Amino acid sequence: VYPFTQAVFGERVQEKLKATLLGLSSMLKEHPEDSFLDFVSHYLGPAEATRIIMATGYDALLLPIVSASMAYDIIKKHPETQNFTENAGNQWLYATGGYAQLLAQLQSHAQAGGVEFQMERRLLSVEKSGDDHMLAFSHKGDTQMHRTRHLLMAIPPSAMARLNLDFPASWSPYQYDSLPLFKGFLTFDTAWWQELGLTDKVLMADNPLRKIYFKSDKYLLFYTDSESASYWRDSLEQGEEVYLERVRNCLQQALPLNGLPLPDIKGHFYKHWPQGVEFCLEPEAEHPAALLHPDGIIACSDAYTAHCGWMEG
């Protein structure tokens, strides 16, 4: 069972958030074009709207491109925030040993059926050549060409936009965008958070750490998007010492340490995704199951489909 559906907030914050979101939900149809920030501001004022949205832990909900209905959909479908909605009882599952073994099994299954995998290649361009398509790939500094009769592409919008395929104009009437993500992992000599009652919980922080996860007795993780993700990328560009000092300061602000010093960080690693989440700007529209180029190329992505259209990683 995925544990992080139990979020820890400041005093009565969760109750207030749940009551506010429930109370405003009946007005959604009256604001089909408003951003979530404008929607909440209309009823509660800008300052309170910003405070409420920041408390959810997702900076993306402040963006003009995130509509009120899209924001409610995001809140309902994330384990950390589902308790604000009617989805509070939803159970989440995850692979305890990670997904590498599953992916390896799927690859072996596909190869047994005759599928060929060519790894570490980046698609550079696609040209029409008679009835075929000519693909140029970069591989270890060399350019390799590949000819194919049928072409089905399963790459995200940001990668499609870098190709010579006039995306999205020649593919779709809709527009697409992306947000950065940043995850930082920290290890310590002891699982000191157990004494604070934070084991397998997520703490919502009113600072750039945003969401802090305490994974059993193993590690601490913070997970951010949008402006907070860019903040941590910029911190790393100033040096690892600057990054770790800022992480420590934010942890000390967010944690109920009761005056005790934060234990030393033993080790850490991180991951920054410049296009961490890809999505369609018109999530309410009637989307096709796949996009079709005039040259007969098919493109598939979560970001193109009829659901809310957010794809991570």
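Predicted model: local features only at pLDDT ≥ 70, side-chain atom pairs only at ≥ 80, totals over all residues.
**View 1. The pairing of β2 with β3.** Strand β3, residues 132-139, pairs with β2 in the antiparallel sense over 7 bridges, and within this pairing R122 stands opposite S138 of β3. These two strands also form a hairpin with 2 residues between them, where G130 in the turn has a positive phi of about 65°. As background to this view, the strands of a sheet pair through backbone hydrogen bonds, in either a parallel or an antiparallel manner.

**View 2. The open sheet β2-β3-β4.** The 3 strands make an open sheet in the order β2-β3-β4, with antiparallel pairing. Because β2 (122-129) and β4 (142-148) stand at the edges and have a single partner strand each, one side of each is left without a neighbour in the sheet. From one strand to the next, the twist averages 20°. As for β3, 7 of its 8 residues are buried, so this strand is largely enclosed by the rest of the structure.

**View 3. H31 and its contact with Y43.** H31 is found in the loop between α1 (13-25) and α2 (36-44). With a relative accessible area of 10%, H31 counts as buried, because the cut-off for that class is under 20%. The side chains of H31 and Y43 are joined by a polar contact of 2.8 Å.

**View 4. Two non-glycine residues with positive phi, E120 and R210.** E120, which lies in the loop between α5 (100-112) and β2, has a phi near 60°, a positive value in a residue other than glycine. R210 is likewise a residue other than glycine with a positive phi, near 60°, and lies in the loop between β7 (202-204) and β8 (211-215). As to accessibility, E120 is exposed, with a relative accessible area of 63%, whereas R210 is buried, with a relative accessible area of 1%.

**View 5. The cis peptide bond at P168.** The peptide bond that runs from F167 to P168 is cis, with omega near 5°. P168 itself lies in the loop between α6 (157-161) and β6 (176-187).

View 6. C300 counts as partly exposed, at 27% relative accessibility, whereas C250 is buried, with a relative accessible area of 6%.

**View 7. Domain division and the annotated span.** The protein chain is divided into domain 1 (1-117), domain 2 (118-175 + 281-304) and domain 3 (177-277), and the centres of domain 2 and domain 3, taken over C-alpha atoms, are separated by 36 Å. Residues 14-259 are listed by UniProt, in an unreviewed entry, as "domain: Amine oxidase". Across this span of residues 14-259, the end C-alpha atoms lie 25 Å apart, and the secondary structure is 35% helix and 21% strand.

Technical notes:
Residues numbered from 1 in each chain as written. Heavy atoms only, no water. UniProt positions renumbered as here; feature names shortened; annotations may be inferred. Helix = DSSP H or I, 4+ residues; strand = E, 2+ residues; numbered from the N terminus. Domains from an automatic or database assignment. Pairing = 2+ DSSP bridges. Axes fitted to C-alpha atoms, helices over the stretch in contact; angles between N-to-C directions. Buried < 20%, exposed > 50% of the residue type's maximum accessible area, 1.4 Å probe, protein only. Polar contact = N/O pair within 3.5 Å; in protein donor to acceptor, adjacent residues only side chain to side chain.
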